[in-house]
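Here is a friendly walk through this model, to be read with the structure open beside you. Have a look at it first, and then we can go through it part by part.

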Amino acid sequence: MTAATDAPRLAAPRPRGGIVQSLTDSLVVARRNLIRMRRIPEMMIFGLVQPIMFVVLFSYVFGGSMNIGGSTDPSVYRNFLMAGIFAQTVTFATAGAGAGIADDMHKGLIDRFRSLPMARGAVLTGRTLADLVQTALTVVVLAVVALLVGWRIDAGVPKALAAFALLLLLGYAFSWIGALIGLSVRTPEAATSGGLIWLFPVTFTSNAFVDSGRMTPWLRHVAEWNPFSATVQACRELFGNPGVSPSDAWPMQHPVWASVIWSLLIIVVFRTLAVRKYRSAA
Amino acid sequence: MPGAIHAEGLVKTFGDVRALDGVDLDVPEGTVLGLLGPNGAGKTTTVRVLTTLLRPDSGRAVVAGVDVLKHPNEVRRSIGLSGQFAAVDEYLTGRENLHMVGRLYQMSGRAAKARAAELLERFGLADAADRPAKTYSGGMRRRLDLAAALVVSPPVMFMDEPTTGLDPRNRQALWEVIQELVAGGTTLLLTTQYLEEADHLAHEICVVDHGRVIARGTSDQLKARTGGERVEVVVHRPDEIAAGREVLAAFGRSGAVTVEEHTRRLTVPVTGGAKLLAEVIRELDARGVEIDDIGLRRPTLDDVFISLTGHAAEQKDAPDAPDAAGATAASRKDPLK
């Protein structure tokens with residue numbers, strides 16, 4: 001074991017700066033997170049069990065007692081349900097990003113990254129990009145399971161692909177909320193629960209699992225303006241699934257636009273906050 | 001000309017705790033500064049400020065000729081940081097870890113790959129290069145962490161308690177690496193709570209306590225402040241204490257003999273070393289004083305710490321570092337040894 005005494009005593013190359021460096025640094029970090037995910041497959045498996053469980057529980061337990069557009073046929077509810085399950089599943093990326101970043105803080109890796117001449121946002125962007133890949137894989141598996149239990153796409157493949165794109169954008173946006181949570185808590189465990197607890201009220205106070213038109217008026221307003229509902233409504237429309245809410249609320253009238261706007265807004269706000277938090281992380 | 005690391009009046013408070021209370025440092029190029037102090041003294045906070053991780057409330061710092069507060073990213077090009085926790089990704093292999101760090105130091109993919117292979121070879125990790133770091137032993141992880149800090153051969157290195165928690169063999173091995181590194185011209189700031197470590201590695205030592213530098217100098221200069229060598233005698237019977245004291249007083253430098261009645265231990269500061277010790281033994285023998293133990297004690301940095309702060313380094317409360325793994329190990333050391 002000998003030290004690198006004969007190596008040239010040079011500082012690192014001058015950072016190129018700008019968008020190119022941001023992008024390459026982010027990809028280096030994303031690659032690192034993808035390697036980690038591959039070596040901890042149980043994380044991915046647990047991430048899949050929950051949505052599959054929800055598909056089965058909701059469609060078979062609740063299915064018969066739900067009234068969607070006047071129909072109580074369980075197969076109608078199953079087709080209605082899937083957009084909600086997809087949207088809920090992609091938002092669980094929040095917990096993954098949060099726990100991963102909290103773990104990096106805890107282990108001292110964030111200190112190492114912060115002492116390197118790398119782009120400031122790259123650690124977080126790399127993490128959220130890796131989560132996006134994982135979310136995409138989860139969505140594919142979930143879609144296969146959904147098709148097996150009788151879910152159908154009735155509006156053509158291009159529109160369905162657009163729906164999947166909206167879902168991934170929503171998942172990416174929520175992983176930035178997770179990044180902020182991960183930087184704000186002390187332990188990875190806290191980041192996991194802190195990343196999930198508020199997701200339940202957000203995803204349930206929506207049109208995901210029930211027809212929001214049958215809610216009490218104030219709750220219906222909350223549900224219709226919930227960013228999450230816009231994506232669910234947009235997916236139902238693009239998949240050609242039943243239960244598209246005939247509401248007058250703007251996000252329900254223009255769900256695709258509403259979904260894109262909400263997601264971009266979340267990314268801008270939470271990315272700004274998270275990168276600022278990262279810079280000053282102690 | 002200011003040194004490779006230069007800090008003036010660094011102050012940082014966390015709530016009510018003044019973690020840094022006006023720290024001044026200057027480390028000439030190619031030398032090692034040991035920052036010595038108990039947990040919570042402000043050692044880690046100092047390193048975090050100098051490595052751009054933490055902004056001080058006031059003060060200024062220049063590292064490798066660049067202002068730390070004004071151009072942090074410029075400073076980051078020229079420094080390597082090796083922490084007290086081995087900050088490597090445990091799910092990545094040693095090679096993947098070093099490659100990633102090289103890329104983030106803005107090396108090209110090919111250069112990062114070559115450098116990773118070179119460092120793995122040099123740090124004795126070549127056989128384990130393609131195993132995830134979580135399978136590594138503590139010593140191997142520490143070496144990987146150090147290798148990560150050396151990816152670009154930075155001119156200035158910071159090591160925060162590099163050997164805390166390592167067994168003696170691994171500590172020795174790491175010391176050798178550090179010495180070779182310094183022989184190559186690297187400027188190093190090292191924090192430690194092992195007095196022996198600062199003694200062994202550092203050209204200059206700063207003793208810190210409560211966020212302040214309370215003493216600085218070479219190891220020898222600091223030891224001289226505690227009064228140099230002394231002879232210590234343990235007589236066999238309590239009634240021999242008086243005779244023993246007379247003998248020691250005659251040889252003592254200032255004549256003040258310290259007596260611990262219950263342990264029958266007599267101590268006096270001396271000059272003259274081993275030759276004098278032989279004379280003391282002969283004289284005690286001539287007077288018929290039977291001795292259980294006798295020795296020439298050179299002051300340790302523990303003695304320095306006690307004489308400077310009035311308390312031993314390891315007995316101090318550590319309000320902002322409650323989980324001090326190193327403190328327990330250090331407290332087992334006999335401070336008079």
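## Helix H13 of chain A and its packing

In this predicted model, the buried residues of H13 of chain A pack against helix H6 (122-148), H7, helix H11 (227-239) and helix H12 (250-253) of chain A. Which residues of H13(A) are the buried ones? They are A:Pro255, A:Ala258, A:Ser259, A:Trp262, A:Ser263, A:Phe270, A:Ala274, A:Val275 and A:Tyr278.

Helix H13 of chain A covers residues 255-280, and its 26 residues should span 38 Å at 1.5 Å a residue. The end C-alpha atoms lie 37 Å apart, which agrees with that expectation.

## Transmembrane annotation in chain A

An unreviewed UniProt entry places the feature "transmembrane region" at residues 40-60, 80-102, 123-149, 161-183, 190-210 and 256-274 of chain A. Two of these stretches can be set beside the model. Over residues 123-149 of chain A, the chain is 96% helix and 0% strand, with 39 Å between the end C-alpha atoms. For residues 190-210 of chain A, the figures are 62% helix and 0% strand, and the end C-alpha atoms are 30 Å apart.

## Confidence in chain A

The average pLDDT of chain A is 88, and 94% of the residues score at least 70. Where in chain A is confidence lowest, and where is it highest? The lowest is in helix H2 (residues 41-62) of chain A, with a mean of 84, and the highest is in helix H7 (residues 157-184) of chain A, at 96.

Please look at residues 1-8 of chain A with some care: their pLDDT stays under 50. For these residues the model has 21 contacts beyond four places in sequence.

## Where the two chains meet

On the chain B side, 42 residues are in contact with 31 residues of chain A. Helix H2 (72-76), strand E6 (79-82), helix H3 (94-104), helix H4 (109-122) and helix H6 (168-183) of chain B each supply at least two residues of the side that touches chain A. By type, the residues on this side of chain B are 25 nonpolar, ten polar and seven charged.

## Chain B as a whole

Chain B has 337 residues, of which 48% count as buried. Its secondary structure comes to twelve helices and 14 strands. Among chain B contacts between residues at least 6 apart in sequence, 67% join residues at least 24 apart.

## An open sheet in chain B

Four strands of chain B form an open sheet in the order E2-E1-E4-E5, with antiparallel pairing. Strand E2 (17-27) and E5 of chain B stand at the edges with a single partner strand each, so one side of each is left without a neighbour in the sheet.

Five bridges join strand E1 (residues 5-14) of chain B to E4(B), and one pair to look for is B:Ala7 with its bridge partner B:Ala61 in E4(B). Two bridges join E4(B) to E5(B), which run antiparallel. There, B:Val63 has B:Val66 in E5(B) as its bridge partner.

## Two residues with positive phi

Most residues other than glycine have a negative phi. B:Ala64 has a positive phi of about 55° although it is not a glycine. B:Ala64 sits in the loop between strand E4 (58-63) and strand E5 (66-67) of chain B, and the hairpin of E4(B) and E5(B) has two residues between the strands.

Phi of B:Gln106 is also positive, near 75°, and B:Gln106 is found in the loop between H3 and H4 of chain B. Are these residues buried or exposed? B:Ala64 is partly exposed, with 18 other C-beta atoms within 10 Å, whereas B:Gln106 counts as buried, with 23 C-beta neighbours inside 10 Å.

B:Leu301 belongs to helix H11 (residues 301-309) of chain B. Why does B:Leu301 count as buried? Because 23 other C-beta atoms lie within 10 Å of B:Leu301, and the cut-off for a buried residue is 20 or more.

Setting aside residues up to four places away in sequence, B:Leu301 touches B:Leu36, B:Leu195, B:Ala198, B:Asp199 and B:Leu222. B:Asp199 is 102 residues from B:Leu301 in sequence, while their C-alpha atoms are 7.5 Å apart in space.

Definitions and conventions: Residues are numbered from 1 along each chain as its sequence is written. Chains are lettered from A and ligands numbered from 1 in the order in which they are written. This is a predicted model: local features need pLDDT of at least 70, side-chain atom pairs count only at pLDDT 80 or more; totals for chains, interfaces and linings use all residues. Two residues are in contact if their C-beta atoms, placed from the backbone, lie within 7 Å. Ala, Val, Leu, Ile, Met, Phe, Trp, Tyr, Cys and Pro count as nonpolar, Asp, Glu, Lys and Arg as charged, and the others, Gly among them, as polar. pLDDT is the predictor's confidence in each residue, from 0 to 100. A residue is buried if 20 or more other C-beta atoms lie within 10 Å of its own, exposed if 12 or fewer, and partly exposed in between; C-beta atoms are placed from the backbone. The expected span of a helix is 1.5 Å times one less than its number of residues. UniProt positions are given in the numbering used here, feature names are shortened, and annotations may be inferred rather than shown by experiment. Two strands pair if DSSP finds at least two bridges between them.
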